[in-house]
Amino acid sequence: MERLRDAFEALGFRNVSTFIASGNVLFDTTARSAAKLEERIEGALRTELGFDVATFLRTPAEMAAVAAAEVFPEAAGAIYVAFLKHAPDATRRTGLEAMSTDTDRFAVRGREAWWLSVTGMGRSSFSGATLEKVLGTPATARNITTVRKLAAL
């Protein structure tokens, strides 16, 4: 994570910190365009690490909204939020939601896909790769506890 922090600091971001060892980086910037900022970060990480790294930027307000959302309010099981590169179209959203079963339920809200897994992600027959394929966009998933902790930071 130190190498990741260093890469973000080299890009001129301020107050850079990381949260758990899964690529969560918090930083301050005056940049206005998230898409251009993602491209800039991805280019720098490609140079620094030697491979492509998709990035999924969210503002503090966006993270707070995701953390506060009650997509599965009556749920019993593990809830994951997949941050998407792009919001999927209606056909792809419907396709994912149609894959819901007794053990895995899905919902899409904007650039986030919600996954309720009764058995937990590790025991589910569904995977992050399947999610990306069905939605047609790169994604990275975090459990709701991690999302709430990130939003609080």
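Helices α1 and α2 are oblique to each other, a label for angles that are not under 35 degrees (roughly parallel), over 145 (roughly antiparallel) or 65 to 115 (roughly perpendicular). This is a predicted model, in which local features need pLDDT of at least 70 and side-chain atom pairs pLDDT 80 or more, while totals for chains, interfaces and linings use all residues. Residues are numbered from 1 along each chain as its sequence is written, and side-chain values use heavy atoms, without hydrogens or water.

Axes are lines fitted to C-alpha atoms, for helices over the stretch in contact, with angles from 0 to 180 degrees between N-to-C directions.

| Helix pair | Axis distance | Angle |
|---|---|---|
| α1 (residues 2-10) and α2 (residues 34-49) | within 10 Å | roughly 130° |
| α4 (residues 90-97) and α5 (residues 128-135) | within 8 Å | roughly 145° |
| α3 and α6 | 9 Å | about 140° |

Let's start with α1, which passes α2 in a right-handed crossing (the near helix is turned clockwise from the far one by less than a right angle; anticlockwise is left-handed). From α1, the residues R3, L4, A7 and F8 touch I41, L45, E48 and L49 of α2 (contact: heavy atoms within 4.5 Å). This contact has six nonpolar, two charged and no polar residues (nonpolar: Ala, Val, Leu, Ile, Met, Phe, Trp, Tyr, Cys and Pro; charged: Asp, Glu, Lys and Arg; polar: the others, Gly among them).

Next, α3 and α6 pack at about 140°, which makes α3 oblique to α6. Their crossing is left-handed. On the α3 side M63, A64, V66 and A67 take part, and they face I144, V147, R148, L150 and A151 of α6. Eight of these residues are nonpolar, one is charged and none is polar.

In the remaining pair, R92, R93, G95 and L96 of α4 meet L131, K133, V134 and L135 of α5. That contact divides into four nonpolar, one polar and three charged residues.

Of its 36 lining residues, V25, F27, F56, L57 and R58 are the closest to the centre. Elements giving two or more residues to the lining include α1, α2, α3 (60-68) and α6 (144-152), along with strands β1 (14-19), β2 (24-28) and β6 (139-143). By class, the lining has 21 nonpolar, ten polar and five charged residues.

How values were computed
Helices (H or I, at least four residues) and strands (E, at least two) are DSSP runs, numbered from the N terminus. On a 1 Å grid over the protein atoms alone, a cavity is a set of points where a 1.4 Å probe fits but cannot get out, and a pocket is an open set with protein on both sides within 12 Å along at least five of seven lines; lining residues have an atom within 4 Å of a point.
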